[in-house]
Amino acid sequence: MSTSNLSNIVSQLQTPSPLSPQKITSLLTSAKRELLTLNVLIPTPTTPSPILALARQTLETGALLSIRLQQPDAFTRYYQQLLPFYEIPESSYGTDTNSQRSKVTGLYLLLLLTKGDYAAFHTVLEGLEVEQAGKGKGLEGDEFISYPVKLERWLMEGSYDRVWGATKREGVPSEEFGAFSEVLIGTIRDEIASCSEKAYPSLPITNAKNLLFLESEGSVVEFAQARGWVAKDGRIYFPQQQEDMRTEKDILVASGQVIENTIGYSRSLENIV
């Protein structure tokens, strides 16, 4: 059973020279065809170690490249295809110890955060904790797993400024994680915006800029218009969500920190409910 074609495709995909999205897509399609030909899309106990390792490497490469191509659905499919490979004992892979399971799984956890799918996030995390406990290990020392775990904890606490800082280039564990930064911050903005609409009748634009992690007041106005808010006289006015709203006096005396903590508390309540 020759694996030379598949090995050649994987080598091309992993070349340091940048490839066009079209070329990457074409190579990934060819790689999947080779996996089908070799009958290793679903591993079995009788699959030879070298082929098993090459198949895993192919799928992991496809998963990471899907992130760079900004194709989260394709990444999810690769992750799901990799799960049977990750259930196989590492000893079955022979001398190949270059699995990127930790990175791929950490990226999947981060993807779940961007979708707000906290139930699936904890299901995956609990499975990892049980597995590692059986080996007498923990997850704290794994930079790829601990990164989304920290982000999730800060999201639950309402510590959005810490999340914002961690998604900057110097705070991410690898380039692929950085690809999610804007998506995650966008999710946070939407959550803060939804909580703000329920908590206040209006906010000063300057406060909203800091609260929503936007670069300028002009960006605040654009964001407000997209959500159907009204920008007038230096303030953002939210649609009336309920009759029992805070008074204007309450708004004016609230500091930026109080606003952030209130929204974080609201966020936690929403998840509990």
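This is a predicted model: local features need pLDDT of at least 70, side-chain atom pairs count only at pLDDT 80 or more; totals for chains, interfaces and linings use all residues.
Buried means under 20% relative accessible area, and exposed means over 50%.

**Exercise 1.** Work out whether the length of helix α6 agrees with its number of residues.

*Solution.* Start with the count: α6 covers residues 118-134, which makes 17 residues. At 1.5 Å a residue, the helix should span 24 Å. Now look at the model, where the end C-alpha atoms are 24 Å apart, so the two values agree.

**Exercise 2.** Find which residues of α6 are buried, and where they sit around the axis.

*Solution.* First, pick out the buried residues: Tyr118, Phe121, Val124, Leu125, Leu128 and Gln132. Next, consider their directions: they cover an arc of only 130° around the axis, so they lie on the same side of α6. Then turn to the other side of the helix, where Ala119, Thr123, Val130, Ala133 and Gly134 are exposed. Finally, step past the helix to Gly136, which follows α6 and has a positive phi, near 75°.

**Exercise 3.** Describe the largest cavity and the residues that line it.

*Solution.* Begin with the number: the structure holds 1 cavity of 30 Å³ or more. The volume of the largest cavity is about 30 Å³. Its lining includes Ile192, Ser196, Leu211, Trp229 and Phe238. Sorted by kind, the lining residues are 8 nonpolar, 1 polar and no charged.

How values were computed:
Residues are numbered from 1 along each chain as its sequence is written. Side-chain values use heavy atoms; hydrogens and water are left out. On a 1 Å grid over the protein atoms alone, a cavity is a set of points where a 1.4 Å probe fits but cannot get out, and a pocket is an open set with protein on both sides within 12 Å along at least five of seven lines; lining residues have an atom within 4 Å of a point. Grid points are joined across faces, edges and corners, and a volume is the space filled by probe spheres set on the points. Ala, Val, Leu, Ile, Met, Phe, Trp, Tyr, Cys and Pro count as nonpolar, Asp, Glu, Lys and Arg as charged, and the others, Gly among them, as polar. Helices (H or I, at least four residues) and strands (E, at least two) are DSSP runs, numbered from the N terminus. The expected span of a helix is 1.5 Å times one less than its number of residues. Buried means under 20% relative accessible area, exposed over 50%, partly exposed in between (1.4 Å probe, protein chains only). The arc is that of the directions from the helix axis to the C-beta atoms.
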